[in-house]
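Here is a short walk through one protein model. Start with the whole chain, then move to its ligands and a few single residues.

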Amino acid sequence: MKLGEKIGSCEFQPEVYAYPTARCYKRLEGFSIAQTEFTNEVNVYVHIPFCRQLCTFCGYLKTLNSEELRRNYVSSLVREIEMYADILGDKKVISLDIGGGTPSLLQPNELGEIMDALKKANRNMLGTAKEASIEATPESVEYDKFKEFKALGINRVSIGIESFADGEIRMSGRHNLGNASSNAIKTLKEIRFGNIVCDLMIGIEGQTTKTFSDSVDALLGLDPDTVEVYALGVIPSTVIGKRRPEGLMGNRQKYECYEIARKKFLENGYFQSCHNRYSKLEDGGYVQEDAVFKGISLIGLGAGARSYAQNVHYRNAYDGLDGRAAISRYMGKINSNGLAVETGIFLSEDERMRRYVIGNIESLDMRAFSRAFGIEFGNAFPELYKEMLSSGCAYETYNELKLTQKGLLFRDLIARQFFSSNVEALESVYRATA
Ligand SMILES: C[S@@+](CC[C@H](N)C(=O)[O-])C[C@H]1O[C@@H](n2cnc3c(N)ncnc32)[C@H](O)[C@@H]1O
Ligand code: SF4
């Protein structure tokens, strides 16, 4: 179907945050780090797969928090960081993201061990990284602990608020009732983190456009630095994916919510730094995501973590249904001195070109594109180029193809149009077996 028809029928596409998607990775046999070609600047991601709750919508790799497992996991992580020391030592690290799961469940000494291992692998990591970020659930934000996190070098905290409607929070299996969310933001402000980022969700169970709008107002009242708005993607392996509750918000309402959020944040001193992020900070609020979209490599550490080298994308042991099994496989492999990489994909020139377009979809420098791939953008993707312009989703200025407001609204539908038939086919095999 053409882009205009997809927009006309109000099709919805969950966020395209990586290309090729992990859904099309295949088992990699005999893989070694020596095969990777990372850029000279890199981003580092560390996955902490422990949570106090298993939210009904969440497909991230995680398991219920256990102190003993967590401690053993941190030891494996330190070993994995040591295995990457040769590569990390040669690179300029521009961002560090400790994500999950819920990494704020780490004790300060555990985060300290991870930071020490990283600094040993790359001495100047915290000097060069513009951002050192940690993800948190609101109710895990405690003053003393986060003061110690800050002392360890963390300057950005990303908290999953999702909604201020207590009924919606309970239905999602979460613990952060409205009070916990407001208190978390206030506590982080008191500690003076450089960037307090709040996630809001569109379309969680029980939500209406009105309750979403109320959540935006409540969040505005707390004045975070950055806000990320995620529209619910229904993942087959999750509780919501299996139960498919009636009354989930329809696509039209999801788009309405997007417009509500944009209007309110723009009216209240935020600028739109990408399709789903609003920030008061000059750098746009999320250095790692922007850099990865621009093609700067990512080194992912921990169970389920993905790494993006120029020539290959790969993932450590992962299981969307049974996080604990993947964590055991990860620890088993690392503790016997091997890498825990299980799946991935080597990128052909065609996939690299598509990745470049998708990563730069909001503002594509067409001259840089032809320098990189030896072909004009309009010749590589003639139909899509015309459709983006004729549907009012994009305009051209000084050799840049930029998304309009309409284009930003449908950013993920547009990005999806650039998927290769190979990736589409691999994804449909995945969907049929998920
Ligand atoms: C790792 S979580 C954030 C930190 C912490 N674990 C928490 O839940 O508060 C990352 C974010 O991804 C978003 N998210 C999770 N599952 C999603 C889904 N199925 N569709 C869209 N966004 C989702 C949520 O906004 C969530 O805050
Ligand atoms: S949304 Fe956050 S807290 Fe909930 S299960 Fe996923 S990672 Fe854990």
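The paragraphs below go from overall form to local detail.

This is a predicted model, in which local features need pLDDT of at least 70, side-chain atom pairs count only at pLDDT 80 or more, and totals for chains, interfaces and linings use all residues. Residues are numbered from 1 along each chain as its sequence is written, chains are lettered from A and ligands numbered from 1 in the order in which they are written, and side-chain values use heavy atoms, with hydrogens and water left out.

Begin with the chain. It has 20 helices and 18 strands. These are DSSP runs, numbered from the N terminus: helices are H or I with at least four residues, strands are E with at least two. The C-alpha atoms fill a box of roughly 55 × 50 × 40 Å along the principal axes.

Now look at the packing. Of the 434 residues, 58% count as buried. Buried means under 20% relative accessible area, exposed means over 50%, and partly exposed lies in between, with a 1.4 Å probe and protein chains only. Contact means heavy atoms within 4.5 Å. Among contacts with a separation of 6 or more, 75% join residues 24 or more positions apart. The chain exposes about 18,100 Å², and carbon and sulfur atoms supply 48% of that area. Accessible areas come from the Shrake-Rupley method with a 1.4 Å probe; for residues, only the protein chains shown count as cover.

Turn to ligand 1. It is surrounded by 19 residues, and the closest are Phe57, Gly101, Glu162, Arg174 and Asp199. A residue is near a molecule if one of its heavy atoms lies within 4 Å of it. Strands β6 (131-136), β7 (156-162), β8 (195-202) and β9 (226-231) each supply at least two residues of this shell. A nitrogen atom of ligand 1 is 2.9 Å from a polar backbone atom of Phe57. An oxygen atom of ligand 1 is 2.7 Å from an N or O atom in the side chain of Asp199. The protein covers 91% of the 560 Å² of accessible area that ligand 1 has on its own.

Ala184 sits in helix α8 (residues 178-191). Ala184 is buried, because its relative accessible area is 1%. Beyond its neighbours within four places in sequence, Ala184 is in contact with Pro138, Val141 and Ile159.

Asn276 lies in the loop between β10 (271-274) and β11 (277-279). Asn276 too is buried, with a relative accessible area of 4%. Its side chain makes a polar contact with the side chain of Glu15 at 3.5 Å. A polar contact is a pair of N or O atoms within 3.5 Å; within protein, one must be able to donate a hydrogen and the other to accept it, and residues adjacent in sequence count only if both atoms are side-chain atoms.

Arg252 is in helix α11 (residues 251-267). Arg252 counts as exposed, because its relative accessibility is 54%.
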